[in-house]
Amino acid sequence: MFLATAAATTVPLHTTTLGVVLGVVFASSVVTILWWMMHPPKARAIVEKVMEGVERVTEAGRILVGTRGGQLSQRLLNLACGLAKAQNAALTAIYVVELPMTLPLDAAVPEEMRRAEQVLAEAEEVAQQHNVEIKKQIAKARKAGRAIVDAANTAPTQLIILGLGERPNFEDRIFGSTADFVVRHAPCDVILERPSFVAKPSSR
Amino acid sequence: MSHPADAVSQRNGQNHGGQDHGGQNHSGKDHDGHHGGDGHGAAESNSGLRRAVGIWGSYTWGYADVGADVYVALGLVVAAAQGGAPLAFAITGLIYMFIGLAYTELAATYPVAGGGQYYTLRGLGDFLGFTSGWALLLDFTIDVSLFALSSAGYINFFFPKLQHQPWLAIEGIAGIIFLIFLNIRGIRESSRMNEIFCAVDMLNESLIILFGFLFAWDPGLLQHQFITAFPSTRQFLYGASIAIISFVGLESVSQAAQETIRPATVVPRTSLALIFTVLIYALSFSVLGLGILPWNVIAANQGDPVAVLAHHIPFIGFIAGPFTAILAATLVFASANTGVMGYSRITWSMSRFKLLPSWFEAVHEKYSTPHRTIIVFSVLAIVEVILASLSANAYDTLANLYAFGAVSGYVLVLISLVKLRFSDPYSPRPYKVPFNLPVTIKGRRVEVPLLAFFGLAGNIFIWVLVVWTHAIGRIAGPSWLVLGYIVYFVYRSRAGLPIFGSIKRDWENDQIRVLAEAGELELLEQYQTALKRRDEDQAAAAVAAAHRQALTTGGK
């Protein structure tokens, strides 16, 4: 009933040239303004990449930190704890026991396992100092890089933090075997922390 | 319906205090909840905000606020300015453009929540910062009462017998009580919903205007009304001053700036687009309205003018009328909710800057929302509805006060724009108000924004009009300011803080943090370089002065 009475209230059809012009000007100006608004200039490629990286790193939900003990690992853990605390992210410390091809993957390596537990216990202490919860993980693998990438794939991870523990052996390696593999195969961003040694100046 | 980030912003009130990170979304998995909050306290190290508002999100954030204004203003302005309504909208629209450009520059330069209150505090110090914030508080409470009442008006499009007092007031108060419940519970809509809703509304408004111009608009009727129904000068000026309420809400884009991705690029665009689209809609509706209906028909339907207009459009009127009424009731109610959000944010921000007692900072134990602020100012909004409903025209009464609060705030923002060009020339300005006059003061080149002076003149003109022509604005507006000053004087005296002076704040570190959080790395670099150059210049000048001093002493 309402609709029936409503139809009767419309004004008579009345089309004028000026009305058409105003209608077109109105529609085109609104469309033009919105189109202009939706197409801002792109940030310079490198800046955009950096901004994206910063954005992703500061939005990580799970952070995986590779640890092997020692001073560098402490620094990695401090960094990881700081980021995890700021973002309320889940933090996992992983220690990879690398097994040579001469041993099966389930071989008992008590000495190495004790070392792993000790390093992870130290990691837990650092996390406690930051008041951050940490999950400990020991993985056995042929190569540490593969184990870290697998761990990041198994539990969705937004950020891996690693140390550069060795110098590259081959020309096609940039960082060292583990870091090189992780950087190339990780499903997420990777932060690499360099060791604190100071390179000797060239003799030349 | 609220701005998506607002409820979370309130939670950030806690987060800044380092008590609770639970309200934050750290995983980046849910893009529906933005992170808001004021986060601009100079002492704060990290606001913990995640920038998640994109271009359309930033635009619709503002549109949900400003876009709703025309639904309320059309009837009021036509009732006052009659056949001269399009001219009233055009004059005020020009002044609004100047204000809009100033807001655009400031929001892009200082991408933090807080809007006009923050700019004034930063530019003109604590006392005027308080004045600006307090004037905006008035606006936000009026926003709630006026738009809740207007929402009731559009609902009553379907119940014409209720389109008068006391029913309108009862419905409006019920709406405000609902908003109190909604906001204390911290319920929020998703940003996606807001974006879709605004898109639907814009499409609807555009179709009404387009169909209206194509099939119903009669230029002869417009011309006839302009000539024969042009009001007296005083009446016209009154209409022009009321028309400013069609453009209130620019605060929203600046408040969203803190959560916008690439704010330096995005905010100027969305802000400019908002200024011009809102202006186009307001002008179109007034020109269209008086080319389709006699002015007194629109004036007689102040509760639902746009729906009545839509209802008369051929082909689509039968559906556009009711659809517009539903859409307008919702959008206008959403705008009322932005008022609740607005005063929640602004009081919280003012408390943090020690402009208001910290009593307002408290958050609800269970819901983590600033319940005290919500209750105090919502009750005030209810009182405003009741008092307004006792007057001859409740909409007009509230619009009077709305105009007073807005124009008072705008005047201070425009002065701050000029002042900040001098006092903070180092902050990079991704967007500058055009037409600047370069002047050199003490060896430093500063660009003086000429348009700001035009805007200032226009705003002062409107402010004088409001005080001159609005009986209620003349009494209630200044009374509100006096009440605020009493609160301010008592609080600052008891806290041992300067009343007319300002507390020392580290704005430079604050700016560095804001730009870093915004991911505006190039701007950050520019800013740091500018500061470094300034320090070097100052050091060189000090050395030269010492050298001169030594020479003078040696000579003697």
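Chain A and chain B bury about 3,800 Å² between them, and carbon and sulfur atoms give 72% of that area. The model is a predicted one. On the side of chain A that touches chain B, helix 1 (2–7), helix 2 (17–38), helix 3 (45–57) and helix 4 (70–87) of chain A each give two or more residues. Helix 2 of chain A gives the most to this side, with 14 residues. In total, 42 residues from chain A and 45 residues from chain B take part in the contact. There are 0 salt bridges between chain A and chain B, while 5 residue pairs are in polar contact, with both residues at pLDDT 80 or more.

**Chain A**

Chain A holds 7 helices and 5 strands. Read from the N terminus, the order of these elements is α-α-α-β-α-β-α-β-α-β-α-β. Chain A has 204 residues, and 37% of them are buried.

**Helix 16 of chain B**

Helix 16 of chain B covers residues 371–390, and B:L387 has its place there. B:S389 is also placed in helix 16 of chain B. The table sets out the relative accessibility of these two residues.

| Residue | Relative accessibility | Class |
|---|---|---|
| B:L387 | 54% | exposed |
| B:S389 | 18% | buried |

Why does B:L387 count as exposed? The relative accessibility of B:L387 is 54%, and exposed means over 50%, so B:L387 falls in the exposed class. For B:S389 the relative accessibility is 18%; buried means under 20%, so B:S389 counts as buried.

B:L387 belongs to a nonpolar patch on the surface, together with B:I375, B:V379, B:V383, B:I386 and B:L390. The accessible area of the patch residues together is about 540 Å².

What does B:S389 contact beyond its neighbours within four places in sequence? With those neighbours left aside, B:S389 is in contact with B:Q165, B:A169 and B:A394. A polar atom of the B:S389 side chain also lies 2.6 Å from the backbone oxygen of B:I386. B:I386 is itself one of the residues of the nonpolar patch.

Notes: Residues are numbered from 1 along each chain as its sequence is written. Chains are lettered from A and ligands numbered from 1 in the order in which they are written. This is a predicted model: local features need pLDDT of at least 70, side-chain atom pairs count only at pLDDT 80 or more; totals for chains, interfaces and linings use all residues. Side-chain values use heavy atoms; hydrogens and water are left out. Patches are made of residues with over 30% relative accessible area and no salt bridge: like charges are joined within 9 Å, nonpolar side chains (Val, Leu, Ile, Met, Phe, Trp, Tyr) within 5 Å. Accessible areas come from the Shrake-Rupley method with a 1.4 Å probe; for residues, only the protein chains shown count as cover. A salt bridge is a side-chain nitrogen of Lys or Arg within 4 Å of a carboxyl oxygen of Asp or Glu. Helices (H or I, at least four residues) and strands (E, at least two) are DSSP runs, numbered from the N terminus. Buried means under 20% relative accessible area, exposed over 50%, partly exposed in between (1.4 Å probe, protein chains only). Contact means heavy atoms within 4.5 Å. Buried area is the accessible area (1.4 Å probe) that two parts lose on being put together, summed over both. A polar contact is a pair of N or O atoms within 3.5 Å; within protein, one must be able to donate a hydrogen and the other to accept it, and residues adjacent in sequence count only if both atoms are side-chain atoms.
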